[in-house]
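Here's a quick tour of a protein chain for anyone who is new to reading structures. Have a look at the fold before you read on.

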Amino acid sequence: MQCVNRGERDWAHLDTLHRESLDDLLENRGMAGAFDEAARQRMVRAWHRLPAWPDAASGLARLRGRYVVAALSNGGFALLTNLINSTHLPFDCVLSAELARMYKPAPAPYMTAADLLDIEQDRILMVAAHTWDLDGARQAGLRTAFLERPLEKGPDRPADRAANTTSDLAATSFDELADKLGC
């Protein structure tokens, strides 16, 4: 993604970048021969089937009762559409970084979202569990809310924490965020 953002390579969908990373990883680990094309495609497509956090549907529904709720992701439209359909998350719309042909945390995806939604950047609250994402959103003029997800990076890696993240709001769940926003 950084190579795309720096202009070192042409735009490529996130699935393509995931596949390239997977192929490199398998090669570097001496496991390239252990996985055929079908297995590699299944591994890349696993991103299309991730489960939602348990509080996501209820909390997003509460937020949607008062606000427009949009997903803004580095994932492509197919990936996002598959995720939302399989998890039944109540988004009003899906916005992909592919619209800007740049990946977050570059300013273009955030500013493209504001343009498409016809909302001033400072009237948008970007909610994320990643410090880098909120830093990018804030630099693009958006307000930010950190959503703490202790297992975001798995059981063996520490997740980003609210205490180490600059944001306008912090919450431990979408329901808590909805409470803080009066929903």
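Which residues are buried in helix α4 (residues 56–64)? They are A56, G59, L60 and L63. Keep in mind that this is a predicted model. The points below start with that helix, then go on to the whole chain and a few details.

**Helix α4**
- Looking down the axis of α4, you'd find its buried residues within an arc of 100 degrees, so they line one face of the helix.
- Here's the general idea: an α-helix has 3.6 residues a turn, so residues three or four places apart point the same way.
- The partner that the buried residues of α4 pack against is α8 (174–180).

**The whole chain**
- You can count eight helices and five strands in the chain.
- Going along the sequence, they come in the pattern α-α-α-α-β-α-β-α-β-α-β-β-α.
- The chain's radius of gyration is 17 Å, close to the 16 Å that the globule rule gives for 183 residues, so the chain is as compact as a globular protein of that length.
- Along the principal axes, the C-alpha atoms fill a box of roughly 55 × 35 × 30 Å.
- Buried residues make up 39% of the 183 in the chain.
- If you take the contacts with a separation of 6 or more, 50% of them are between residues 24 or more positions apart.
- The chain exposes about 10400 Å², and 52% of that comes from carbon and sulfur atoms.
- As for charge, the chain has 21 positive and 26 negative charges, and their mean positions are 3 Å apart.

**Helix α6**
- Now try helix α6 (residues 107–117), where the buried residues are P109, Y110, A113 and A114.
- These four cover an arc of only 135 degrees around the axis, which puts them on the same side of α6.

**A closer look at A113**
- A113 sits in helix α6 and has a relative accessibility of 7%.
- That value counts as buried because the cut-off is under 20% relative accessible area.
- Leaving out residues up to four places away in sequence, A113 touches L72 and L95.
- A113 and L72 are 41 residues apart in sequence, yet their C-alpha atoms are 7.4 Å apart in space.

**Backbone details in the loops**
- The peptide bond from K104 to P105 is cis, with omega near 20 degrees.
- You'll find P105 in the loop between β2 and α6.
- H88 isn't a glycine, but its phi is positive, near 60 degrees.
- H88 belongs to the loop between α5 (77–87) and β2.
- Is H88 buried or exposed? With a relative accessible area of 65%, H88 is exposed.
- D118 is in the loop between α6 and β3, and its relative accessible area of 72% makes it exposed.

Conventions. Residues numbered from 1 in each chain as written. Predicted model: local features only at pLDDT ≥ 70, side-chain atom pairs only at ≥ 80, totals over all residues. Heavy atoms only, no water. Buried < 20%, exposed > 50% of the residue type's maximum accessible area, 1.4 Å probe, protein only. Helix = DSSP H or I, 4+ residues; strand = E, 2+ residues; numbered from the N terminus. Arc of directions from axis to C-beta. Rg over C-alpha atoms; globule rule 2.2 N^0.38 Å. Contact = heavy atoms within 4.5 Å. Areas by Shrake-Rupley, 256 points an atom, 1.4 Å probe, with all protein chains shown as cover. Lys, Arg positive; Asp, Glu negative; His and termini not counted. Charge placed at Lys NZ, Arg CZ, Asp CG, Glu CD.
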